[in-house]
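Here's a quick briefing to read alongside the model. Have the viewer open and follow along topic by topic.

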Amino acid sequence: MYLKRLTAINFKSINQLDIEFDNKINCFVGNNGQGKTNMLDAIYFLSMCKSSLSSTDLQVIRHGQDFFVLQGFYSRQGVDESIYCGLKQGEGKIFKRNGKAYERLADHIGFLPVVMVSPADNELVEGSGEERRKYMNGVISQIDHIYLDEVLRYNRLLAQRNSLLKTYSRTAFSYDLIEAIDIQLAEYASVIHSKRKAFVEQLIEILQEYYNKVSGGQEKVSLSYKSHLNDTPAETLFRENIEKDRVLQYTSVGIHRDDLTLLIDGYPIRNEGSQGQQKTYLIALKLAQFDFISKVAGIKPLLLLDDIFDKLDTGRVHRLIDMVANDGFGQIFITDTNKNRLEEVLAKVTSGYRFFRVDNSEFELVESR
Ligand SMILES: Nc1ncnc2c1ncn2[C@@H]1O[C@H](COP(=O)(O)OP(=O)(O)OP(=O)(O)O)[C@@H](O)[C@H]1O
């Protein structure tokens, strides 16, 4: 699958854009703040129906404007596909495939799989468990259409349960009501838990391989899935903690407390890893994710590599490029502020490529093969 052409109007710093891509490698060079990441984010948006960075859709509308439009023209399994996304202030977001509007955005997510590697991934190391749960949700939703719905339903039931715990803690407490919620809550919790567990297990298998490929094979890396449901079935868990939750006035156990621990040589990478090791780990994690989606979905995701070379030594940069440019990856988009570094990289690449200069959110094709 590859993106042939992207058009954008009023997307973040981009006023107007119409750009045709190489079906293998696309490089973007420009100084800080010139719009490189915004362009990658537009590609991400067309796949995931949301920005990889901005928390609300309205934040991506160009300052001073009241709408944005994106259009992507793809070739997917030999078939041309056009995706339209538009948002006007005060109105809903519209997504269309070949001119027909989607009723549910969840039906689109995963149709054009995407993996983005960016400096923001650092949040997976530094951020709270919520970041890592969001990460799991983002990947699994690309290969499983009903997963997001299950998470949404779980969260709705959880909110109801929490509001009951708050309301009833000082007055009469209705066990019947809570137990009725818990039956459904436990069902969703079990399904979500088994999907997350299967995902992490498959990721672990390939994570080390990619870490070795980029690092040259030095440290041992792993990933551990933490969940209350690892040891206790959901129904038992909610039942056993009901008194505690009543005192706390919120639900203290469940998959909303799941987390991932990123490990290097058996220790959390957050405490032990150098910046370069952390970066290498995160790249390996994302490439493992690429592998996972490719295998399960049967389509190679678009690979967006935003500013990934910073903090990596030259050996790692070269191994990484050799791998993504010449191995089993599909179309890739690479941004960098350093022109020489990218030119060096392209000199080693045997496939076709396009090289763009980015200045003030204008994209100029300067070289292609
Ligand atoms: N909604 C918006 N409207 C207008 N400009 C925006 C909007 N959102 C972000 N920007 C601008 O986009 C610019 C950042 O662009 P971007 O992140 O794409 O830069 P970059 O070329 O990737 O830089 P770097 O090399 O530093 O990563 C900032 O100047 C920011 O003010």
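By class, how many nonpolar, polar and charged residues does the shell around the ligand have? The shell holds two nonpolar, 11 polar and four charged residues. Keep in mind that this is a predicted model.

**Ligand surroundings**
- The ligand is surrounded by 17 residues.
- The closest of them are Ser-13, Asn-32, Lys-36, Thr-37 and Asn-38.

**Overall build**
- The chain contains 11 helices and 15 strands.
- A compact globule of 369 residues would have a radius of gyration near 21 Å, so the chain's 22 Å agrees with that.

**Two domains**
- Domain 1 comes in two pieces, 1-113 and 300-369, while domain 2 covers 123-298.
- Between the C-alpha centres of domain 1 and domain 2 there are 28 Å.
- Where they touch, 17 residues of domain 1 are in contact with 19 residues of domain 2.
- On the domain 1 side of that contact, helix α10 (residues 314-326) gives the most, with five residues.
- By class, this side of domain 1 has nine nonpolar, two polar and six charged residues.

**Helix α5 against α3**
- Helix α3 (residues 129-143) and helix α5 (residues 175-215) have axes that come within 11 Å and cross at roughly 90°.
- That crossing angle falls in the 65 to 115 degree range, so α3 and α5 are roughly perpendicular to each other.
- From α3, Met-136, Val-139 and Ile-140 do the touching, and they meet Lys-195, Arg-196 and Phe-199 in α5.
- Sorted by class, the α3 and α5 contact has four nonpolar residues, two charged ones and no polar ones.

**Helix α5 against α10**
- The axes of α5 and α10 come within 7 Å and cross at roughly 125°.
- With that angle, α5 and α10 are therefore oblique to each other.
- On the α5 side the contact uses Lys-213, Val-214 and Ser-215, and on the α10 side Arg-316, Arg-319, Leu-320 and Met-323.
- By class, the α5 and α10 contact comes to three nonpolar, one polar and three charged residues.

Terms used:
Residues are numbered from 1 along each chain as its sequence is written. This is a predicted model: local features need pLDDT of at least 70, side-chain atom pairs count only at pLDDT 80 or more; totals for chains, interfaces and linings use all residues. A residue is near a molecule or strand if its C-beta atom, placed from the backbone, lies within 6 Å of it. Ala, Val, Leu, Ile, Met, Phe, Trp, Tyr, Cys and Pro count as nonpolar, Asp, Glu, Lys and Arg as charged, and the others, Gly among them, as polar. Axes are lines fitted to C-alpha atoms, for helices over the stretch in contact, and angles run from 0 to 180 degrees between N-to-C directions. Helices (H or I, at least four residues) and strands (E, at least two) are DSSP runs, numbered from the N terminus. Angles under 35 degrees count as roughly parallel, over 145 as roughly antiparallel, 65 to 115 as roughly perpendicular and the rest as oblique. Two residues are in contact if their C-beta atoms, placed from the backbone, lie within 7 Å. Domain bounds come from an automatic or database domain assignment. The radius of gyration is taken over C-alpha atoms; the globule rule is 2.2 Å times the number of residues to the power 0.38.
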